Amino acid sequence: MDPVASWFSLVPPLAAIAVALIWRAVIPALFFGLWLGAWGIAGLDLAGLGQSFLEALTVHVVGAVADEDHASIMLFSFMIGGLVGVINRSGGMQGIVHWMIRRAHSRRRGQMATAMLGLAVFVDDYANSLVVGKTMRPVTDRLGISRQKLAYLVDSTAAPICGIALVSTWIGYQVGLLDEAASLIEGLDVQGYVLFLNSLAYSFYPWLCVFLVFWVSWSGRDIGPMLQAEAQATVSQAQPAEEELGEAGPVAYAVLPLVLLVLGVLTGLYITGEGDSLREIIGSANAYLALMWSSLIAVLVAMAMPLLQRRASLQELLEGWTEGVHAMLTAMIILVLAWALAGTTKELQTAQFLVSLIGDALPAGLLPALIFLMASLTAFATGTSWGTMGILIPLVVPLAWSLAPGEAAILHASIAAVLAGAIWGDHCSPISDTTILSSMATDCDHVEHVRTQLPYAMLVATVALFIGVLPAGFGFPWWLSMPLGMGALVLFMRLFGRHP
């Protein structure tokens with residue numbers, strides 16, 4: 001790739017981010033970035049400008065939709081939306097809202113309940129965002145918690161939790177990359193799952209991100225635009241009486257399908273996987289098939305219970321399912337455009353160009369910190385944490401081993417830097433699928449979600465970098481960095497955070 005084309009590979013994602021933030025119009029912003037990406041692939045000549053506009057739809061969007069994994073995610077998302085619609089129509093959602101209102105009768109308890117539910121749905125980030133966001137939205141509305149805060153709580157307990165969970169849909173992908181990278185290094189006879197487990201101690205950003213969620217929820221302090229959103233919500237947000245929430249059905253109408261959803265994913269991973277150990281089973285499992293199975297079973301159970309007890313007719317439940325699916329339509333359009341844009345950045349080799357900017361003549365101690373920054377920038381620009389990990393892990397593992405042969409701490413910290421940096425960039429990027437799903441599930445304006453969440457993510461990333469990742473590269477023990485990082489977050493929020 002020539003130098004002009006290399007630099008241009010950064011233009012499509014950055015242009016999409018700029019348009020989304022300036023004009024607060026996500027769909028046109030994504031299509032504009034996609035158009036630029038298609039033009040870059042076509043060769044940047046004037047004749048291809050018009051043709052690339054058409055190919056943005058006929059080639060790249062169609063390709064994103066035709067991808068089997070993408071189709072599985074879309075189907076799963078529609079099924080989750082339909083599930084919530086059925087639970088709403090049966091009265092199950094109103095039942096759980098009434099139940100939680102009687103217990104989460106304060107802003108603190110409402111936020112803590114949201115964070116705890118985010119921990120419970122640890123198996124998949126898509127399921128986490130959709131289930132927690134849609135389930136808790138009526139509760140937080142009732143308690144005067146802003147949609148921006150709800151979206152932050154949901155988004156910050158989705159990818160950060162899945163990225164460090166011992167069993168999740170992420171693990172097979174991560175371990176597969178680590179296994180392949182380790183197998184190419186002579187003298188490194190370690191399985192990928194062991195590398196992942198050892199890297200968890202150095203995954204400062206996800207751990208600190210989750211810690212801040214609970215501390216903010218408990219303390220009630222906020223900063224930046226979130227403070228303004230919370231102050232406005234406490235004054236002006238509607239506070240519906242319980243009877244205005246609709247007739248409540250049994251809590252089991254909501255709880256049982258959601259529990260089956262989580263258990264179904266775990267069971268599906270086990271059934272579709274092969275091997276003798278848990279690592280082998282999860283690593284070889286078909287996560288998308290497990291998600292679709294579990295969502296289908298959950299929908300059928302959610303419809304069967306009110307039908308058998310004659311609390312709703314089949315027609316009413318089907319209408320509820322259709323309403324729930326329809327509510328997902330806009331989000332799916334945004335998601336498809338984000339996938340298509342990510343596809344163009346892959347063809348333009350955006351990630352490889354960012355890697356080439358750093359070079360290989362680096363002090364070993366600085367490597368984890370630079371990798372964290374590189375992974376963060378790559379994931380933010382491309383909107384994909386998995387794509388970032390897929391590009392960087394095969395490069396980082398040999399690089400870390402070559403710069404510091406035999407030094408396990410540098411290797412583990414470098415691996416963690418890729419995983420944590422990819423989560424941060426994906427967590428903050430306006431074109432990230434999980435960020436989009438969090439906005440959709442909580443019915444929060446997408447740009448408002450990004451704008452209010454960014455200060456918290458930047459705060460955690462700064463603390464993770466300077467108190468965790470950078471010292472770890474020079475031998476500072478992680479078990480001291482972690483509590484020091486938590487203390488720094490608490491101190492900052494006490495000094496600069498305010499009650500709305």
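## Handedness and the contact of α7 with α8

A crossing of two helices is called right-handed if the near helix is turned clockwise from the far one by less than a right angle, and left-handed if the near helix is turned anticlockwise. In this predicted model, the crossing of α7 and α8 is right-handed. Helix α7 covers residues 107-120 and helix α8 covers residues 125-142, and the two pack with their axes 10 Å apart and at an angle of about 165°. Angles over 145 degrees count as roughly antiparallel, and α7 and α8 are therefore described as roughly antiparallel to each other.

Which residues make this contact? From α7 come Gly110, Ala113, Thr114, Leu117 and Gly118, while α8 contributes Asn128, Val132, Thr135, Met136 and Thr140.

## The contact of α3 with α19

Two packed helices are described by the angle between their axes and the distance between the axes. For helix α3 (residues 26-42) and helix α19 (residues 329-347), the angle is about 25° and the axes are 9 Å apart. Angles under 35 degrees count as roughly parallel, and α3 and α19 are therefore roughly parallel to each other. The crossing of α3 and α19 is left-handed, whereas that of α7 and α8 is right-handed.

On the α3 side, the residues that meet α19 are Val26, Ile27, Leu30, Phe31, Gly33, Leu34, Gly37, Ala38 and Ile41. On the α19 side, their partners are Thr330, Ile333, Ile334, Leu337, Ala338, Ala340, Leu341, Thr344 and Glu347. The residues of the contact of α3 with α19 comprise 13 nonpolar, four polar and one charged.

The structure holds seven aromatic pairs. One of them joins phenylalanine 31 and phenylalanine 53, whose rings are 5.5 Å apart from centre to centre with 80° between their planes, an arrangement described as edge-to-face. This pair links distant parts of the chain, since phenylalanine 31 lies in helix α3 and phenylalanine 53 in helix α4 (residues 47-66), 22 residues apart. Phenylalanine 31 is also among the α3 residues that meet α19. Phenylalanine 31 has a relative accessibility of 22% and so counts as partly exposed, and phenylalanine 53, at 37%, likewise counts as partly exposed.

Phenylalanine 53 also pairs with tryptophan 35: the ring centres are 5.0 Å apart and the planes stand at 75°, so this pair is edge-to-face. Because tryptophan 35 lies in helix α3 and phenylalanine 53 in helix α4, the pair ties together parts that are 18 residues apart in sequence. Tryptophan 35 has a relative accessibility of 24% and therefore counts as partly exposed. Taken together, Phe31, Trp35 and Phe53 form one aromatic cluster.

Is leucine 258 buried or exposed? Leucine 258, which is found in helix α15 (residues 252-272), has a relative accessible area of 16%, and because buried means under 20%, leucine 258 is buried. Leaving aside its neighbours within four places in sequence, leucine 258 is in contact with Leu83, Val131 and Thr135. The C-alpha atoms of leucine 258 and valine 131 are separated by 7.8 Å, although these residues are 127 residues apart along the chain. Thr135 also takes part in the contact of α7 with α8, as one of the residues of α8.

Serine 72 lies in helix α5 (residues 68-90) and is buried, with a relative accessible area of 9%. Apart from its neighbours within four places in sequence, serine 72 is in contact with Tyr288 and Met292.

## Positive phi values in two loops

Where does leucine 44 lie? Leucine 44 lies in the loop between α3 and α4, and its phi is near 65°, a positive value in a residue other than glycine. With a relative accessible area of 26%, leucine 44 is partly exposed.

Arginine 310 is found in the loop between α17 (287-308) and α18 (314-327). Although arginine 310 is not a glycine, this residue has a positive phi of about 55°. At 78% relative accessibility, arginine 310 counts as exposed.

Conventions:
Residues numbered from 1 in each chain as written. Predicted model: local features only at pLDDT ≥ 70, side-chain atom pairs only at ≥ 80, totals over all residues. Heavy atoms only, no water. Axes fitted to C-alpha atoms, helices over the stretch in contact; angles between N-to-C directions. Helix = DSSP H or I, 4+ residues; strand = E, 2+ residues; numbered from the N terminus. Parallel < 35°, antiparallel > 145°, perpendicular 65-115°, else oblique. Contact = heavy atoms within 4.5 Å. Nonpolar A, V, L, I, M, F, W, Y, C, P; charged D, E, K, R; others polar. Phe/Tyr/Trp six-rings, centres within 6.5 Å; stacked < 30°, edge-to-face > 60°. Buried < 20%, exposed > 50% of the residue type's maximum accessible area, 1.4 Å probe, protein only.
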